[in-house]
Amino acid sequence: MEGIAKIKETILEEANQEKEKIINEAKTQAKEIEARYKSQADQILGSILEKAKKAAEEKKRRIISMAELENRKALLKVKQEIIDEVFEKAKEKIKALPDEQYRNLIADMLMRSTVTGNEEVIISESDRQRITPEFIQEINKKLKDIGKEGNLRISDVSRDMIGGFILKSKDVEINSTFDSLIKMEREELETEIAKILFEE
């Protein structure tokens, strides 16, 4: 933020210089009038100086207002970049979960997301070493235990995702990818993250 403060300081300095310039020009103009109209000089001088002062103050006010607006925009941009970085780190952390922890998470999600137990499980190419046919068979046993078909199978098709899965049946797809879950929660989480990071 030091750069923004420097810019603001420069703008204020320019505003003051502009104010001085306007006042000096006004004084020069007033002196010329005074030479021609001595009897009205004081009145005209005061009027011109007052107008010049108001014009300078208004210009200064506008410059300061613009600087403050730019400052707010820059601050908002920095905050957004920090929040984006938090979400990116969260995604990286999910991708880096140990295999057993990751499989436990996926197992829990599959048990809760499966409708009939006869869906196709679409995963990312990078997850094929962790979500194996053997792993899916274990899930199918648990599904049968709770009265579902227990016929989940891994799709031959992969999709681009950081993790999670898509359950596909004939009529519908249930998106349980981490990408989708993070996106759905982002608006609410952004407010909480902003409170934590910036004490708003």
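Mentor: Glutamate 58 and arginine 61 both sit in helix H2 (residues 41-95), three residues apart, about one turn of the helix. Helices here are DSSP runs of H or I with at least four residues, numbered from the N terminus. The model is predicted: local features need pLDDT of at least 70, side-chain atom pairs count only at pLDDT 80 or more, and totals for chains, interfaces and linings use all residues. Residues are numbered from 1 along each chain as its sequence is written, and side-chain values use heavy atoms, with hydrogens and water left out.

The side chains of glutamate 58 and arginine 61 form a salt bridge, 2.7 Å from N to O. The term means a side-chain nitrogen of Lys or Arg within 4 Å of a carboxyl oxygen of Asp or Glu. Glutamate 58 is partly exposed at 30% relative accessible area. Arginine 61 is partly exposed too, at 46%. Partly exposed lies between buried (under 20% relative accessible area) and exposed (over 50%), with a 1.4 Å probe and protein chains only.

Further pairs follow in H2. Glutamate 70 bridges to lysine 73, with the closest N and O atoms 3.8 Å apart. These two are three residues apart in helix H2, so about one helical turn separates them. Glutamate 70 is partly exposed at 48%, and lysine 73 is partly exposed at 48%.

Glutamate 88 meets lysine 91 in a salt bridge at 3.7 Å, N to O. Glutamate 88 is partly exposed at 43%. Lysine 91 is partly exposed at 21%. Salt bridges with shared partners also join Glu58, Arg61 and Arg62 into one network. The structure holds 11 salt bridges.
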